[in-house]
Amino acid sequence: MWRKPEPRADWQIALAITAALRVVYTCVAAVAAVFVHPDAGLIQSNALTKNLPAPGSWHYALLGIWERFDTLWYLRIAERGYDLPAGVVFYPLYPWLIRDLSGLAGPMTAALLISTVAAFFYFWGLLRLVRNEVENEVPSEFPSTQPLRAVMIAVAWPANFFFFAGYTEALAVALIVWCIVWARDERWVLAAACAFAAGLTRSAGTLVIVPLAIMAWRAPRRARWPVAIAPLGTLGYWFWLHQTGRVSVLAAYRTYWNTEVASPWTTLWFAIRSLAQHFDSLVMISLVSLSFFFVAGVTARRIRIEDRCFSAAVIVHFLLRLCWPPLLGAPRYLLPVYPAYLTMGKWAENMERTRFVFLCGALFAFNLIWMLAFLNWSLVL
């Protein structure tokens, strides 16, 4: 008789997903390198574009085509440090790791390797979070499809390709998710270490302190003391900037990146007004993404209070940025809102398989379209 196969471990599922996505994105980028030739007139990034690798080689197809936008800054910081004032908005952990691994395979390979490994840990951690949520509900003798469906939505979600580019998204979100995993297991030292590192990765990573503090408050007093080190990553970076006479992060955004700090309602009103005056597909996509993450991550039923507060903190943090076009890059900046995927997994659990596959396929197709636009430099992302 045939024996029923044992279910795969979460890390094995995450590894398979990560390997498949790395292959898909690499192949798509390599094919795009043949047909996509960026128009210099459309490039609207930064002053680092003059040293881009020339198309036409395998090196460009596999690595050089990923040298876009923020990646150029991380590579420069890894090589030269913060020699340009505008670079202080890019937090140091990712370029530190690139520099440490560059001797093994080169800077761009190191950047993609770090992102890929971090994506693996993100998918693994997300699976654990969703599985824990399911186990805390009414037990069932049948395995739930919710964990895998939640992760598949995260895999297909537009802007997922940033997890496999030379960006900090994968590293930051992996640290955030594992901070929550360790905190729910009451392993406070590991949780605080992840929060510390997340605060050194990007500004949104600092916000994991919100759910961590809420969970620590419910824990015994003696056990929660390590949480005090969580904010020191961000605070230490800011202190270093001050001590070395560099411009602050806020001043750099205002001076070099045409981004002001504004109230959330001001940013929203600015986006709605600009959309009413002149339809912009990017602004519309950003508004839809923002609304969806707000519903799924903040207002949906059966969300833990710490998850709800974290989702709200990330959304408010994003809305504090007033730039042009307004709400620029919302699908990417809202990727850390992991509670939304927990909610979407619940919504999709009872969906017919064919419809679920179609939904994921449609989302992933849009994801690939955005990736091609990113590689073509025809949009500011």
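Predicted model: local features only at pLDDT ≥ 70, side-chain atom pairs only at ≥ 80, totals over all residues.
Close-up 1. Look for Pro 264, Thr 267, Ala 271, Ser 274 and Leu 275, which are buried. Seen down the axis of H12, these buried residues fall within an arc of 105°, so they line one face of the helix. An α-helix has 3.6 residues a turn, so residues three or four places apart point the same way. The partners that the buried residues of H12 pack against are helix H13 (281-299), helix H14 (305-319) and strand E2 (321-322). Turned away from the buried side are the exposed residues Trp 265, Trp 269, Ala 276 and Gln 277.

Close-up 2. Helix H10 (residues 232-243) gives the largest share, three residues. Ile 229 sits in the loop between helix H9 (209-218) and H10, and is partly exposed, with a relative accessible area of 35%.

**Close-up 3. Helix H17 and its cover.** Helix H17 runs over residues 353-376, and its 24 residues reach 34 Å from first C-alpha to last, close to the 34 Å expected at 1.5 Å a residue. Among its buried residues are Phe 356, Cys 360, Phe 364, Asn 367 and Trp 370. The cover over the buried residues of H17 includes helix H1 (10-35), helix H6 (146-156), helix H15 (330-333) and helix H16 (338-348).

**Close-up 4. Salt bridges within the chain.** The count of salt bridges comes to 12. In one of them, the side chains of Asp 10 and Arg 131 meet at 2.7 Å, N to O. This pair links distant parts of the chain, with Asp 10 in helix H1 and Arg 131 in helix H5 (residues 107-136), 121 residues apart. Asp 10 counts as buried at 13% relative accessibility, while Arg 131 counts as partly exposed at 28%. Arg 76 and Asp 83 also form a salt bridge, at 2.7 Å, N to O.

Close-up 5. The side chains of Glu 169 and Arg 202 meet in a salt bridge of 3.1 Å, N to O. Glu 169 lies in helix H7 (residues 169-184) and Arg 202 in the loop between helix H8 (188-199) and H9, so the pair ties together parts 33 residues apart in sequence. Both Glu 169 and Arg 202 are buried. Elsewhere, salt bridges that share partners join Glu 133, Arg 184, Arg 218, Arg 304, Glu 306 and Asp 307 into one network.

Methods: Residues numbered from 1 in each chain as written. Heavy atoms only, no water. Buried < 20%, exposed > 50% of the residue type's maximum accessible area, 1.4 Å probe, protein only. Helix = DSSP H or I, 4+ residues; strand = E, 2+ residues; numbered from the N terminus. Arc of directions from axis to C-beta. Contact = heavy atoms within 4.5 Å. Expected span 1.5 Å × (residues − 1). Salt bridge = Lys/Arg side-chain N within 4 Å of Asp/Glu carboxyl O.
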